[in-house]
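Open the model in your viewer and keep the selection tool ready. This tour goes from one selection to the next.

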Amino acid sequence: MNSNSISLPEDSPLLRPTLTGRNNGSTPSNAHPGTILTTTDTTDPKKSPSAISFRAFLLGTALGASITLTVLLLLGNPANPLWRAAFFLAVLSVFHFLEFYITARYNPPAATLSAFLLTGNGYAYNVAHTLAFLECILHNYAAPRYHPHRIFLHPFTAFLPDKGGTRAAWMTLGLAMLLVGQGIRTLAMAQAGTNFNHLVQSKKKQGHVLVTDGIYGWLRHPSYFGFFWWGVGTQVVMGNVVLQPSN
């Protein structure tokens, strides 16, 4: 025997072949009980690792760029309201990344490209967010002294100077709403696990369980509740009164 060789017993785990299988619910006949099987079919274009990583990279890039722009605008001129548009892009990037990440973490079978909700959330959803962004740019660029929040209080005071801190109060309220909304939606998705689905189901899926504990013990539809207040909060922060993406 060579001095560098190692003798292993025939039943050693190191001598067993590595087995993989597609996610078809079957187990290879020669699979050892202790063998870990790969259950993700990477040939499925909806679960392509390269496509998923590319979208995650784009969201990360958008988040970094929008946060940088928000900070630069605030440092350059704190009174310049255009930082709100950049901040909106940052919030959107975080939202769409969390939609996929929480799905992949707590509901792996549903972790497809559509879980990002970038294109699979309906045409109206994308149009609403685009118009909300344009509304923010338009009214802050064309009428920077305009305070649309005051329409809720009195429409004739919308163009008067903000001497009482009304704008700051609405800004704080908007930030609180979007943070609470995002937190509740993320928590709801995590607690529901494999029982959560981005699409409304007309038939009960095998193995589905109605979740009634945790956040679901307090709210019947916490994911919708969270998304609604997240959407309202983003528009309050931006100063929009015409568009509400959550509606």
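How many cavities of 30 Å³ or more does the count come to? The count comes to 2. Keep in mind that this is a predicted model.

**Stop 1: the second largest cavity**

Select Ile102, Thr103, Asn107, Met189, Gly193 and Phe196. These residues line the second largest cavity. Its volume is about 30 Å³.

**Stop 2: helix α2 against helix α5**

Now select residues 83–106, which form helix α2, and residues 222–238, which form helix α5. Show both as cartoons. Their axes come within 9 Å and cross at roughly 160°. Angles over 145 degrees count as roughly antiparallel, so α2 is roughly antiparallel to α5. The crossing of α2 and α5 is right-handed.

Which residues of α2 and α5 make the contact?

- From α2, take Trp83, Arg84, Phe87, Phe88, Val91, Leu92 and Phe95.
- From α5, take Phe227, Trp230, Thr234, Gln235, Val237 and Met238.

**Stop 3: the largest pocket**

The lining holds 32 residues. To centre the view, select Phe196, Asn197, Leu199, Ser223 and Tyr224, which lie nearest the centre of this pocket.

Which elements give two or more residues to the lining of the largest pocket? They are α4, residues 166–192, and α5. Of the elements, α5 gives the most, with 5 residues. Colour the lining of the largest pocket by class: 16 residues are nonpolar, 11 polar and 5 charged.

**Stop 4: the second largest pocket**

For the last stop, select Ala110, Thr112, Ser114, Asn197 and Leu199. Of the 15 residues lining the second largest pocket, these are the closest to its centre. The volume of this pocket is about 300 Å³. Keep Asn197 and Leu199 highlighted: they also belong to the residues nearest the centre of the largest pocket.

How does the lining of the second largest pocket divide? Here 6 residues are nonpolar, 8 polar and 1 charged.

Conventions:
Residues are numbered from 1 along each chain as its sequence is written. This is a predicted model: local features need pLDDT of at least 70, side-chain atom pairs count only at pLDDT 80 or more; totals for chains, interfaces and linings use all residues. Side-chain values use heavy atoms; hydrogens and water are left out. On a 1 Å grid over the protein atoms alone, a cavity is a set of points where a 1.4 Å probe fits but cannot get out, and a pocket is an open set with protein on both sides within 12 Å along at least five of seven lines; lining residues have an atom within 4 Å of a point. Grid points are joined across faces, edges and corners, and a volume is the space filled by probe spheres set on the points. Axes are lines fitted to C-alpha atoms, for helices over the stretch in contact, and angles run from 0 to 180 degrees between N-to-C directions. Helices (H or I, at least four residues) and strands (E, at least two) are DSSP runs, numbered from the N terminus. Angles under 35 degrees count as roughly parallel, over 145 as roughly antiparallel, 65 to 115 as roughly perpendicular and the rest as oblique. A crossing is left-handed if the near helix is turned anticlockwise from the far one by less than a right angle, and right-handed if clockwise. Contact means heavy atoms within 4.5 Å. Ala, Val, Leu, Ile, Met, Phe, Trp, Tyr, Cys and Pro count as nonpolar, Asp, Glu, Lys and Arg as charged, and the others, Gly among them, as polar.
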